[in-house]
Amino acid sequence: MEKVLVVDDDLGIQKQLKWSFSDYEILFADDRASAIAQLRRHEPKVITLDLGLPPDPANATEGLKTLAEILSLAPQTKVIVVTGNNDKENALKAINLGAYDFYHKPIDSDTIKVIVNRALNLFQIEEENRLLSQTASAMGTIIGTSDAIQKAIRMAEKVAKTNISTLILGESGTGKEVFARTIHDSSERRNKPFVAINCASIPENLLESELFGYERGAFTGANKTTKGKIECANGGTLFLDEIGDMPIGLQAKMLRFLQERIIERIGGRQEIPVDIRVICATHRNLSTMADNETFREDLFFRISEISINIPPLRERGNDIMLLAKSFLTDYNQEYNQNLKGFSEDAIAAMMQHRWPGNIRELQNKLKSSIIMAEGSMITADDLGLTHDASVASMAKLNLREVREEAESNAIRAAYQLSEQNISKTAELLGVTRPTLYSLIDKYNLGELKTAET
């Protein structure tokens, strides 16, 4: 049941509003101090505020001060000020300060009920929009319009709304940690810690203490009690990169933690409850490892309630150039350069290259090329790549496939450039809205229509 705070020192008005707002949980306050206390404790979405509050109920001074303090502490709260019938001036002052609406006494139950309902609906719409914009902004850090990466993004968006354990699969350098951070930043845990640990980069004898922490005197050199990464992530997200490299002996302890959400520090006996989301990642085939008994099957099932496959860069088509251009802008600024773009042979070489190191390799080549380039455009030589024209000529030759892929990618790119507005997308592409909808259906781009609604 939604909460409504009534700030009024008139007991008769309090009783009348309590009867009027029978669908809500009503909270009461009769002065500024109690109003702020109720606001901090209950965080109501809607407040009715009588401007005539003690110690000077004949004037609106105390009421306006209360309004300003409420909005400074909770600016999204909808405040409906209640004034005397001839007090239009103070009602307008309240609106200028940020009040949602005003209402003149005497109270009419039906009218004020409508105003409160509208205020509550507006609060909920704005809250949903804030969540959507935060999610869109977080997911916007992932660049790409290819079908493969868009599928992964859609899965990440859905996963972010839950606390389900997630396994991110992909080759080294594909951006698995970027996806993990994006899921965290799009979730309700976004304001809590994101703690990452690479299971492959820490020696086996140290990994357990890094994860679970240790008590003073647990082993030689343990001079003080130290929290582990799991404990440090409490309330937020723990990202276990390269989980496939976790020693088999440590996997049993990790499984118990995932099942019971409690840990014990090394050398300790106290069970410590931990509330975290767990995201794991690996470039290994854990299913095969489980079959070969080099990875615990029960742990594999526990961490892979949802699996997201991140495609290698070579399978992302025009995303290669979208990423390259984005990185070029960043690195130009970082290295104080002003390179204009890529030559034709550089573009051809990048599209032809297999990118075994994926996005990380692309970043490294771009950094070095920006530093070493002598002209205003980056060439294939600057990138350390070669362009084989004979191989390029053997690329996809089916005109229907080429056209469909090009149109699909163009629609996605225009949609992103148009800030996910269908009308602006159609205008940018030079087609009508009905034609755009037909193309969306033809190429199974249903998420564009879904996002619009």
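How many residues does helix 3 have, and how far does helix 3 reach from its first C-alpha to its last? Helix 3 (residues 61–73) has 13 residues and reaches 19 Å, close to the 18 Å expected at 1.5 Å a residue, where the expected span is 1.5 Å times one less than the number of residues. This is a predicted model, in which local features need pLDDT of at least 70 and side-chain atom pairs count only at pLDDT 80 or more, while totals for chains, interfaces and linings use all residues. Residues are numbered from 1 along each chain as its sequence is written, and side-chain values use heavy atoms, with hydrogens and water left out. Helices (H or I, at least four residues) and strands (E, at least two) are DSSP runs, numbered from the N terminus.

- An open sheet of five strands has the order 2-1-3-4-5 with parallel pairing, and two strands are taken to pair if DSSP finds at least two bridges between them.
- The edge strands of this sheet are strand 2 (25–29) and strand 5 (101–104), each of which pairs on one side only.
- Neighbouring strands of this sheet are turned by 20° against each other on average, direction ignored; axes are lines fitted to C-alpha atoms, for helices over the stretch in contact, and angles run from 0 to 180 degrees between N-to-C directions.
- Strand 1 (residues 3–7) pairs with strand 3 in the parallel sense over four bridges, with Leu5 opposite Ile47 and with Val46 as the bridge partner of Val4.
- On strand 4, the bridge partner of Val46 is Lys78, and five bridges join strand 3 to strand 4, which run parallel.
- Five of the five residues of strand 3 are buried, so strand 3 is largely enclosed by the rest of the structure; buried means under 20% relative accessible area, exposed over 50%, and partly exposed in between (1.4 Å probe, protein chains only).
- Val46, Thr48 and Asp50 point one way from strand 3, whereas Ile47 and Leu49 point the other way.

**Helices 1 and 3**

- Helix 1 (residues 11–20) lies across strand 1, strand 2 and strand 3, and runs at about 165° to strand 2.
- Helix 3 packs on the sheet and touches strand 3 and strand 4, its direction making about 160° with that of strand 3, where contact means heavy atoms within 4.5 Å.
- The buried residues of helix 3 are Glu62, Gly63, Leu64, Thr66, Leu67, Ile70 and Leu71, and what covers them includes helix 2 (32–42), strand 3 (46–50), strand 4 (78–83) and helix 4 (88–97).

**The sheet with strand 7**

- Five strands form an open sheet in the order 7-8-11-6-12, and the pairing is parallel.
- Strand 7 (194–198) and strand 12 (306–309) stand at the edges with a single partner strand each, so one side of each is left without a neighbour in the sheet.
- Neighbouring strands of this sheet are turned by 20° against each other on average, direction ignored.
- Five bridges in the parallel sense pair strand 7 with strand 8 (residues 237–241), and Ala196 stands opposite Phe239 in strand 8.
- Helix 6 (residues 147–160) lies across strand 6 (166–169), strand 11 (277–282) and strand 12, running at about 150° to strand 12.

**Helix 15**

- Helix 15 (residues 358–372) has 15 residues and reaches 21 Å from its first C-alpha to its last, close to the 21 Å expected at 1.5 Å a residue.
- Asn358, Ile359, Glu361, Leu362, Lys365, Leu366, Ser369 and Ile370 are buried in helix 15.
- The elements covering the buried residues of helix 15 include helix 13 (319–334), strand 13 (341–342), helix 14 (344–352), strand 14 (377–378) and helix 16 (380–383).

**Glu210**

- Glu210 lies in helix 8 (residues 204–212) and is partly exposed, with a relative accessible area of 35%.
- Not counting residues up to four places away in sequence, Glu210 touches Ile197, Ile202, Gly228 and Lys229.
- Glu210 and Thr226 are 16 residues apart in sequence and 9.2 Å apart in space, C-alpha to C-alpha.

**Cysteines**

- A search of the whole structure finds zero disulfides, a disulfide being a pair of cysteine sulfur atoms within 2.5 Å.
- The sulfur of Cys199 is 7.5 Å from the closest cysteine sulfur, in Cys280, which is too far for a bond.
- Cys199 is buried, with a relative accessible area of 2%, and Cys280 is buried, with a relative accessible area of 1%.
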